[in-house]
Amino acid sequence: MNISMNRNLTPLRRSPIRVYTNLARQTPGCVMLTIGEPDFDTPRPIVDAAAAALAAGRTHYAPNQGTEVLRRAAADFETARGHVVTPEQVLITLGACQGLFTALLGILNPGEEIIVPTPGFGLYETIATVAGAETVPLDVTKTDFQITRQALEAAITPRTKAIVLNSPCNPTGVVLSRESLAAVKAAVLGRPIFLICDNVYNALCYGTQCPDLSLDPELRDQVILCQSFSKPYAMTGWRVGYLTCPDYVMDRLLLLSAAQITAVPTFIQDAAVAALAVDPSPMREVYARRRAYVTGRLRAMGLTFPEPEGAFYVFPRIGEFGLDSATVCTRMIREARVAAVPGSCFGAEGYLRLSYCCADRDLEAGLDRMETFLGSL
């Protein structure tokens, strides 16, 4: 007997990133350029803080909203960079993923819409689908991967509830320009539309501080920011992050988060406090060096791509080879033993995503194999 389930779950599919990573793992000797996971170990001060917390018996429930010490540290961290928030406006989450689920499920009603610049991370659409809402893709591939006022206004309808901004972007590494953000502000200021700022790669911007609408005081009542410790501090397995939001939003999001997870483990929150005192620039410098190597190799292959200004991805165009991106990536794994993620997984056919947060020798071997494979097409 099959008993019916929530029909909003019917369209859900497993993350394509995991699908291609698992296919690569099943292929002996395959170089994986798929997962966006730092190859560094978590910095020692963070590990030591967790160990000290465990030794001190910090294994009991934390407050639903998070420990006061971590919320204050996160508020101070955000305020120092210009996003002025109080500890009461910070909610500690199980990574940015749970933060995004809490934010989007908390604001979306069935039939409402979120606008997602595309290519973009597939989780946004997954959450909207679970909420019974609709995702409206905003294709930025034809505008140098930036947002224009004209295109955004055309996408906004009376049902628009939120716009998701992810800068630096997964999968492209593109940083939204001040002109793009000005277009977004002009389109939403004073309208009942939230801005969901997915800032998980914000600390991995290779230039000066990334332009960021969460810093704009005029938009303070419309911004929900989601942050993670995973990427800048090599803490993917720790599952800790936070969101910030206006006071009038926190009341409902806190209740939703508490119903989902109760609270983030106490000793992990102590480690997160230590993380906010760690300088991520040494890891960022390694990624910048790898970016230079990878982009140089891709240019030598004759491939074009948006310039990655942050994160640790590059998004080369492969449409000229006459094959869809899923076919290219599947064949690369099976025939060349190198794995990438199809652009179709991010809503942009004709591209593929390469992650360069892996060892230099793997990058060299993977790009050698990719060059040979593409040369054979």
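**Notebook: salt bridges and overall form**

I began with E153, which is partly exposed at a relative accessible area of 25% (buried means under 20%, exposed over 50%, partly exposed in between, with a 1.4 Å probe and protein chains only). I note that this is a predicted model, in which local features need pLDDT of at least 70, side-chain atom pairs count only at pLDDT 80 or more, and totals for chains, interfaces and linings use all residues. Residues are numbered from 1 along each chain as its sequence is written, and side-chain values use heavy atoms, with hydrogens and water left out.

**Entry on the pair in α6**

I looked up the partner of E153 and found a salt bridge with R149, whose closest N and O atoms are 2.9 Å apart (a salt bridge is a side-chain nitrogen of Lys or Arg within 4 Å of a carboxyl oxygen of Asp or Glu). Both R149 and E153 belong to helix α6, residues 149–155, and they stand four residues apart, about one turn of the helix; helices are DSSP runs of H or I with at least four residues, strands are runs of E with at least two, and both are numbered from the N terminus. R149 is partly exposed too, with 39% relative accessibility.

**Entry on R297**

Which residue forms a salt bridge with D368? I found that it is R297, with the closest N and O atoms 2.8 Å apart. D368 lies in helix α12 (residues 360–376) and R297 in helix α10 (residues 281–300), so this pair ties together parts that are 71 residues apart in sequence. R297 also meets E371 in a salt bridge, at 3.1 Å from N to O, and this pair again links distant parts of the chain, R297 in helix α10 and E371 in helix α12, 74 residues apart. I checked burial as well: R297 is buried at 15% relative accessible area, whereas D368 is partly exposed at 36% and E371 is partly exposed at 37%.

**Entry on the wider count**

I recorded a count of 21 salt bridges by this rule, and I noted a network of them that links D39, R289, R290 and D360.

**Entry on the whole chain**

I listed twelve helices and twelve strands for the chain, and I saw that 56% of its 377 residues count as buried. The C-alpha trace spans about 60 × 60 × 55 Å along its principal axes. I also looked at P265, which is found in the loop between α8 (247–261) and α9 (266–275) and is partly exposed, with a relative accessible area of 33%.
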